Amino acid sequence: DHDVRRREELTPVTWFLPRHSTVQADETAAGTAPFHLDLWFYFTLQNWVLDFGRPIAMVSLLYYYDEYLGHSMWYVPFFLLLFVYFSGCFTATKAASSMPGVALLLVMPSGLYYWYLVTEGQIFILFIFTFFAMLALVLHQKRKRLFLDSNGLFLFYSFALTLLLVALWVAWLWNDPVLRKKYPGVIYVPEPWAFYTLHISSRH
């Protein structure tokens with residue numbers, strides 16, 4: 001009966017695709033789910049290294065891949081995998097729904113990286129869709145008395161910080177006539193490198 005109830009609580013995604021180092025059901029009920037410091041630290045580090053190193057490696061005959069095809073091949077699976085992982089970050093223990101101090105220290109660089117990803121990659125629609133899907137899943141699981149564990153809270157707070165940073169970025173450059181001309185669409189999210197090129201490097 002315990003296994004049947006546990007399977008009913010989990011989403012279909014988490015039942016077929018359990019997340020890395022998922023705590024067993026009876027272990028989760030007994031104590032706090034551990035925060036995966038090694039996973040999130042190296043994940044944040046490789047995000048910064050790979051994403052900043054990618055344009056350097058693609059300096060020549062590859063602009064189309066980097067700007068169009070590469071975005072679809074990288075960002076869509078990337079956010080899909082994040083959501084799949086997030087769907088497994090729930091616990092039935094209310095006391096386990098907290099983050100250690102070291103996790104809070106990683107929220108800022110993680111959220112800052114996603115801000116750069118969303119603005120420079122021009123993937124605000126994909127990001128906001130993923131964030132609202134995460135929010136909907138949280139509300140759905142809350143009805144089943146399931147709560148985010150430390151890893152789910154870390155990812156959710158990182159995305160919430162990203163949304164705040166994007167909103168502040170857009171508000172700051174809302175009346176910029178040069179960037180407004182460069183980004184005439186309905187969704188106005190200027191790229192950081194475009195801002196640097198038009199307003200900083202041009203002065204030197």
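**Helix packing around α8**

In α7, Phe 124, Phe 127, Ile 128, Thr 130, Phe 131, Met 134 and Leu 135 are in contact with Leu 155, Phe 156, Phe 159, Ala 160, Thr 162, Leu 163 and Val 166 of α8, where contact means heavy atoms within 4.5 Å. Sorted by class, this contact of α7 with α8 comprises twelve nonpolar, two polar and no charged residues; Ala, Val, Leu, Ile, Met, Phe, Trp, Tyr, Cys and Pro count as nonpolar, Asp, Glu, Lys and Arg as charged, and the others, Gly among them, as polar. The model is a predicted one, in which local features need pLDDT of at least 70 and side-chain atom pairs count only at pLDDT 80 or more, while totals for chains, interfaces and linings use all residues. Residues are numbered from 1 along each chain as its sequence is written, and side-chain values use heavy atoms, with hydrogens and water left out.

The protein has ten helices and two strands, taken as DSSP runs numbered from the N terminus (helices: H or I, at least four residues; strands: E, at least two). From the N terminus, the order of elements is α-α-α-α-α-β-α-α-β-α-α-α. Of the 204 residues, 42% count as buried, with buried meaning under 20% relative accessible area, exposed over 50% and partly exposed in between (1.4 Å probe, protein chains only). Among contacts in the protein with a separation of 6 or more, 77% come from residues 24 or more positions apart.

Now for the geometry of the helix pairs. Helix α7 (residues 124–143) packs against α8 at an angle of about 135°, with the axes 11 Å apart; axes are lines fitted to C-alpha atoms, for helices over the stretch in contact, and angles run from 0 to 180 degrees between N-to-C directions. The two helices α7 and α8 are therefore oblique to each other, given that angles under 35 degrees count as roughly parallel, over 145 as roughly antiparallel, 65 to 115 as roughly perpendicular and the rest as oblique. Their crossing is left-handed, meaning that the near helix is turned anticlockwise from the far one by less than a right angle (right-handed if clockwise).

Helix α6 (residues 101–121) also packs against α8 (residues 150–172), here at an angle of about 50° and with axes 8 Å apart. The pair α6 and α8 is therefore oblique as well, and α6 passes α8 in a right-handed crossing. The contact of α6 with α8 has 16 nonpolar, five polar and no charged residues.

At 0% relative accessibility, Ser 158 counts as buried. Beyond residues up to four places away in sequence, Ser 158 touches Val 107, Ser 110, Gly 111 and Tyr 114. Tyr 114 is also one of the contacts of Phe 43, along with Phe 78 and Leu 82, leaving aside neighbours within four places in sequence. Phe 43 is found in helix α4 (residues 37–57), and its C-alpha atom is separated by 9.1 Å from that of Ser 110, 67 residues apart along the chain.

Gln 122, in the loop between α6 and α7, has a positive phi of about 55° although it is not a glycine, and is partly exposed with a relative accessible area of 38%. Arg 145, in the loop between α7 and β2 (147–148), likewise is not a glycine and has a positive phi of about 60°; with a relative accessible area of 60%, Arg 145 is exposed.
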